[in-house]
Amino acid sequence: MRGRGELTGLQSVGSRTLTGPQLFLLGGSFLITLGSFAVLPYMSVLLHDRFGLGLGVVGAVLAVASLVQFSGGVVGAALAARIGLRATMLVALAVRTAGFAAFVPGLTRPVVAVAALFLVSCGAALYLPANKAYLVAGCGPERRPGLLAASGSAFNAGIALGPPAAAPFVLTSPAGLFTGVAVLFALVGAGHVLLPSVADEGVGVKDTTVEDRTGEADGVAAGVAAGSGLPPFAFTVLAVYVFMFFQHYLALYAVPRTSTAFYGAVLMGYAILLVVAQPLLARRLAALPYATALRLGFGAMAAGTAVLALGGRAGIAVGAVLLCLGEIVLFLKNDLEALARSAAPSATVFGRQRLAAGLGAFAAAVVGGQLYGVAERAAAVPVFWLVVSAQAVVLPALLVVWARGSARRRAGDGPVAAHRPR
């Protein structure tokens, strides 16, 4: 139960003005990912080189930890519904602080290190749905795109800066690094204590019309808008599935064909483009019909992965830019659409979206390793990217066909209610 003094939402003071709590959350999001990515990208090195775990064991540990971090968002949403958004964020940060602190004794005890990794993953699962829900609490549809885009930019800025900031310390003085990150999380958590409580309410309504909200009925829109919150969930699974091939296998592909310095420059450029472009494009993306955004996003991912098959510096750089644009369009638009189509509390919506992302990432890890291995053994690695490109075209189309068939079956059972999002 929430306290009697709980507010109904953050006060809006203008379409572009941020409240104090919103500014704090955006700054905290940057610091949280800065600290997290000062450690997590190096976990495979630490587990394998320092603790002597086999690569198969390391891969299994990281895969399960990633799945927990994503799919556990539904647990975070359920906790937020019971104890409130601020309390959930405090619990999550306490768990993550304990996890990073446990890495210090884990330096000599592999079992403790693995347990610490799972604590950190659990904390992330609990925190992110509540964080996003708090950020948009009490805000109308016109403000949500900008706020979610700013949140994404803050997270991605921390992701970009965390690994290079930690590189000098992760192998030479890991105990100091882990201690510093734990202190950082403790300080950010203490700041969350000062946040006012807010109520998490539904911010949209379910859309059961067979047209998108512009009234334009085309093949994709008819399928996408048929019925429930499943289509944004499913398209999120597909978007993350396609994207994670790039995330997991670009290094294996790019470094032998260029250099580690060029690969690092591509990643840095990717992060800068993502941080800068997403807030600038947020309002335009929000105004796009969902069907159009899906075509643009998956089209950019399909084109980007096809261009990667060309190899060379130009092909890899241009492919990365196209994939970045696809990520900007699909990740933001799917979240906005999921919010608009659901009357559930926003933390619940974000928790489901995290689950969708986890399923997509897990599937990409399982399928991608097999595909890349086959392509490598056949000395035809560029074909791997062409197969990924084909999936970016074919899988969304198959989902649309399924959704349109579902819409026809529903229409055969009775009239479809024509409710539109607020």
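Helix 1 and helix 6 are roughly antiparallel to each other, because the angle at which they pack is about 150 degrees and angles over 145 degrees count as roughly antiparallel. The model in which this arrangement is found is a predicted one. The axes of helix 1 and helix 6 lie 10 Å apart, and helix 1 passes helix 6 in a left-handed crossing. On the side of helix 1, the contact is formed by Pro 21, Gln 22, Leu 25, Leu 26, Ser 29 and Ile 32. These residues meet Tyr 127, Asn 131, Tyr 134 and Leu 135 of helix 6. Sorted by class, the contact of helix 1 with helix 6 comprises seven nonpolar residues, three polar residues and no charged residues.

Pro 21 takes part in this contact and is located in helix 1. The relative accessibility of Pro 21 is 18%, so the residue counts as buried, the limit for that class being under 20%.

Helix 1, residues 20-36, and helix 7, residues 144-166, pack at an angle of about 30 degrees, and their axes are 7 Å apart. This angle makes helix 1 roughly parallel to helix 7, because angles under 35 degrees count as roughly parallel. The crossing of these two helices is right-handed. Helix 1 contributes Gln 22, Leu 26, Ser 29, Phe 30, Thr 33 and Leu 34 to the contact. In helix 7 they meet Leu 147, Ala 150, Ser 151, Ala 154, Phe 155, Ala 157, Gly 158, Ile 159, Leu 161 and Gly 162. The residues of the contact of helix 1 with helix 7 divide into ten nonpolar, six polar and no charged. Gln 22, Leu 26 and Ser 29 are listed in the contact with helix 7 and also in the contact with helix 6.

Charged side chains are paired elsewhere in the model, where a search of the whole structure finds two salt bridges. One of them joins Asp 335 and Lys 132, with 3.1 Å between the closest N and O atoms. This pair links distant parts of the chain, since Asp 335 belongs to helix 13 (residues 312-341) and Lys 132 to helix 6 (residues 110-136), 203 residues apart. Asp 335 has a relative accessibility of 12% and therefore counts as buried, whereas Lys 132, with a relative accessible area of 23%, is partly exposed.

The other salt bridge is formed by the side chains of Glu 337 and Arg 341, with an N to O distance of 2.7 Å. Both residues lie in helix 13, where they are four residues apart, about one turn of the helix. Glu 337 and Arg 341 are both buried.

The chain as a whole contains 15 helices and zero strands. Of its 422 residues, 52% are buried. Among contacts between residues at least 6 apart in sequence, 83% join residues at least 24 apart.

Conventions
Residues are numbered from 1 along each chain as its sequence is written. This is a predicted model: local features need pLDDT of at least 70, side-chain atom pairs count only at pLDDT 80 or more; totals for chains, interfaces and linings use all residues. Side-chain values use heavy atoms; hydrogens and water are left out. Axes are lines fitted to C-alpha atoms, for helices over the stretch in contact, and angles run from 0 to 180 degrees between N-to-C directions. Angles under 35 degrees count as roughly parallel, over 145 as roughly antiparallel, 65 to 115 as roughly perpendicular and the rest as oblique. A crossing is left-handed if the near helix is turned anticlockwise from the far one by less than a right angle, and right-handed if clockwise. Contact means heavy atoms within 4.5 Å. Ala, Val, Leu, Ile, Met, Phe, Trp, Tyr, Cys and Pro count as nonpolar, Asp, Glu, Lys and Arg as charged, and the others, Gly among them, as polar. A salt bridge is a side-chain nitrogen of Lys or Arg within 4 Å of a carboxyl oxygen of Asp or Glu. Buried means under 20% relative accessible area, exposed over 50%, partly exposed in between (1.4 Å probe, protein chains only).
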